[in-house]
Amino acid sequence: MADDTPPDDSKLTRTKSRWAELGKFLTGQQSRREDDRLPPGQHLVRNWPVLDLGQTPNVPGHVWRLDIGGLVAQPQTWSLDALMRQPQVGILSDIHCVTSWSRYDNHWDGVSTHHLMDVADVKAEARFVILTANDGYTTNMAIEDFASPQALLAHSWEGQPLTLEHGGPIRLVVPHLYFWKSPKWLRRIEFAERDHLGFWEVRGYHNHADPWKEERYS
Ligand SMILES: Nc1nc2c(c(=O)[nH]1)N[C@H]1C(S)=C(S)[C@@H](COP(=O)(O)O)O[C@H]1N2
Ligand SMILES: [Mo]
């Protein structure tokens, strides 16, 4: 499954690509982080919508593997057991999706990206991180964003194992960026010297994706 090319012709993909062209949901407003919790152009939801390319890979926990490679001195392949044996962190964060919904106070448990970078011994030349998922989805970010103290490889949400539809067994969560930068069904983490645009980034989404700056589209 890991090498499957994601569908480019689904209705949702075409619609969202068109929104990127049209600048949908851009308000041009400013909001200040300190006194406003909802980024510009977002609305609050209480449920947790499911959004993906529509190809849910079913990788059971005992089969799941995570490869950590590229510019690292200690490449890793983690099973779910190996990941669970790493030091664990709990994080409380808000979700901001580019399609304009936000969800407050999500409790995540998992392994911090900081710890992962320590174990893999990331080389000094590494500047970008390329993430690949089991449905073929990819996304990319600067290493500073990946290394955010809030970012983690999450196996649980609200104290329960992450459901398949939300990316179980493991998804990345990078709370300070729009949610498309948080790949579900994580398969591979590659540290690189050069950037490489991911699935939505090549379709007009912003390369950085800070909700507070409304970095929706490029
Ligand atoms: N593997 C994978 N991860 C993905 C996606 C995807 O299609 N495949 N979609 C992204 C997008 S656009 C969003 S908004 C969030 C949605 O996560 P959720 O379904 O848990 O709300 O997942 C992100 N991560
Ligand atoms: Mo999204």
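**Close-up views of a predicted model**

**View 1. Backbone contacts around ligand 1.** An oxygen atom of ligand 1 is placed 3.0 Å from a polar backbone atom of Leu-53, in a model that is predicted. Pro-49 also takes part through its backbone, with an N or O atom lying 2.7 Å from an oxygen atom of ligand 1, while a polar backbone atom of Ser-182 lies 3.2 Å from a nitrogen atom of the ligand. Of the 530 Å² of accessible area that ligand 1 has on its own, the protein covers 99%.

**View 2. The shell around ligand 1.** Ligand 1 is found in the largest cavity, where 21 residues surround it. The closest of these residues are Pro-49, Asp-135, His-166, Arg-171 and Lys-184. When the shell is divided by residue class, 14 of its residues are nonpolar, five are charged and two are polar.

**View 3. An aromatic pair, Trp-101 and Phe-179.** The model contains ten aromatic pairs, and this view shows one of them, in which the ring centres of Trp-101 and Phe-179 are 6.3 Å apart. Because the ring planes meet at 80°, and planes over 60 degrees apart count as edge-to-face, the pair is edge-to-face. The two residues are 78 residues apart and the pair links distant parts of the chain, since Trp-101 belongs to strand S5 (residues 101-112), whereas Phe-179 lies in the loop between strand S10 (171-173) and strand S11 (186-192).

**View 4. Backbone geometry in two loops.** Most peptide bonds are trans, and most residues other than glycine have a negative phi. The bond that joins Gly-168 and Pro-169, however, is a cis peptide bond with an omega of about 10°, and Pro-169 is located in the loop between strand S9 (160-161) and S10. Glu-158, a residue other than glycine, has a positive phi near 55°; Glu-158 is located in the loop between strand S8 (152-157) and S9.

Methods
Residues are numbered from 1 along each chain as its sequence is written. Chains are lettered from A and ligands numbered from 1 in the order in which they are written. This is a predicted model: local features need pLDDT of at least 70, side-chain atom pairs count only at pLDDT 80 or more; totals for chains, interfaces and linings use all residues. Side-chain values use heavy atoms; hydrogens and water are left out. A residue is near a molecule or strand if one of its heavy atoms lies within 4 Å of it. A polar contact is a pair of N or O atoms within 3.5 Å; within protein, one must be able to donate a hydrogen and the other to accept it, and residues adjacent in sequence count only if both atoms are side-chain atoms. Accessible areas come from the Shrake-Rupley method with a 1.4 Å probe; for residues, only the protein chains shown count as cover. On a 1 Å grid over the protein atoms alone, a cavity is a set of points where a 1.4 Å probe fits but cannot get out, and a pocket is an open set with protein on both sides within 12 Å along at least five of seven lines; lining residues have an atom within 4 Å of a point. A molecule sits in a cavity or pocket if more than half of its atoms lie within 2 Å of its grid points. Ala, Val, Leu, Ile, Met, Phe, Trp, Tyr, Cys and Pro count as nonpolar, Asp, Glu, Lys and Arg as charged, and the others, Gly among them, as polar. Rings of Phe, Tyr and Trp (its six-membered ring) pair if their centres lie within 6.5 Å; planes under 30 degrees apart count as stacked, over 60 as edge-to-face and the rest as tilted. Helices (H or I, at least four residues) and strands (E, at least two) are DSSP runs, numbered from the N terminus.
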